[in-house]
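Here is a structure to work through in questions and answers.

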Amino acid sequence: MKLKLSIGILGFVLLLSCQKEEGTKVLRLAHGLDTKHPVHKAMVHLGEKLNEKSGGKLTVKIYPSGQLGAERECLELLQIGSLDITKVSAAVLENFVSEYKIFSIPYIFRDKLHSHKVYDSEVGKEFLLKGEPFRLRGLCFYDAGSRSFYTKKKSINSPEDLKGLKIRVQKSNMAVSMVQQLGGSPTPISWGELYTALQQGVVDGAENNLPSFYSSKHYEVCKFYSVDEHTAVPDILLIGTESWNRLSQQEQKWLQEAADESAIFQRGVWDKAEKLSLKAIKEAGVQVNYPDKNSFAHKTKEIRNMFKKDNEALRLIKAIKSIK
């Protein structure tokens, strides 16, 4: 009840703030990342391109760093039309749109180039529209890198090394299943509480991409980063269908073009962030190792059986695999 009330009040405030901009339509974009993050920089780029394409008629106002709530709260604000755009991980979106679970299948992508080709393909566009029945329309994918394990006391060279370890995962059934398959003990904890949980020994490690490992300063607690790259779960830029339908066809075209261009821009920024993060954590004394990925892929192959009775999911998995 409190959440619904707070969302209603927040929606009223946001609506008022939108009406202040005379002669210009303002799209309100909220997310939980800090302003140094590659995805935030991509959103700033989107705003610049949208302003340029529309001649100032359509602009974006960004609320970063969780100002308007966590990912799930922002999704709910989108659904009721009190917020226009947000960014969420596909792992969070799977709780609203089940097909997004596919992106959490270990080693679903052959490599980074393959993942980008999927995002830009017809099947990628199909995924972006899967949320429309839930009042959520995807605009583009943002690269969130590959997720690998990091731990406090030892490096992970094989799945056997995870036995007996409590590993923080996102609140995602797929992430929980993956760690279970590998022999670890999955422990869902919110991102904001993870540093303290690692410090206090609530968990023995976690899994995430390099820039997040570095920017969160988890390298201060965890001195082992094992590049197994088990999943590559993208971020999704979403607009609420209520907000989308309020735009004219021309405005929709401007926004989609700006989003597409921001996705390409973000990939370059992300690559630089990965290289800088790897260099920085090594300088901070983190031991980086590169285990054989085949042992992790073999150990988690049973996860695909979760989809054996889901014909639509099987079709999408086949389509992803067929992209060369």
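Q: What is the volume of the largest pocket?
A: This is a predicted model, where local features need pLDDT of at least 70, side-chain atom pairs count only at pLDDT 80 or more, and totals for chains, interfaces and linings use all residues. Residues are numbered from 1 along each chain as its sequence is written, and side-chain values use heavy atoms, with hydrogens and water left out. A pocket is an open set of points on a 1 Å grid over the protein atoms alone, where a 1.4 Å probe fits, with protein on both sides within 12 Å along at least five of seven lines. Its volume is the space filled by probe spheres set on the points, joined across faces, edges and corners; for the largest pocket that is about 970 Å³.

Q: Which residues lie closest to the centre of the largest pocket?
A: Lining residues have an atom within 4 Å of a point. The largest pocket has 31 of them. Closest to its centre are E71, V92, R168, Q170 and W191.

Q: Which element gives the most residues to the lining of the largest pocket?
A: Helices (DSSP H or I, at least four residues) and strands (E, at least two) are numbered from the N terminus. Those giving two or more residues to this lining are helix 3 (71-79), strand 3 (85-89) and helix 9 (210-215). With three residues, the top contributor is helix 3.

Q: Which residues of helix 3 are buried?
A: Buried means under 20% relative accessible area with a 1.4 Å probe, protein chains only. Just after helix 3, G81 has a positive phi of about 80 degrees. Within helix 3, the buried residues are C74, L75, E76, L77, L78 and Q79.

Q: Which strand supplies the largest share of the lining of the second largest pocket?
A: The second largest pocket holds about 430 Å³. Its lining has 26 residues, with K112, G145, S146, E229 and K293 nearest the centre. Helix 5 (112-120), strand 9 (224-231) and helix 11 each supply at least two. The largest share, five residues, comes from strand 9.

Q: At what angle do helix 2 and helix 11 pack?
A: Axes are lines fitted to C-alpha atoms over the stretch in contact (heavy atoms within 4.5 Å). Angles run from 0 to 180 degrees between N-to-C directions. The axes of helix 2 (residues 38-54) and helix 11 (residues 249-283) are 8 Å apart, and the angle is about 145 degrees.

How values were computed
Buried means under 20% relative accessible area, exposed over 50%, partly exposed in between (1.4 Å probe, protein chains only).
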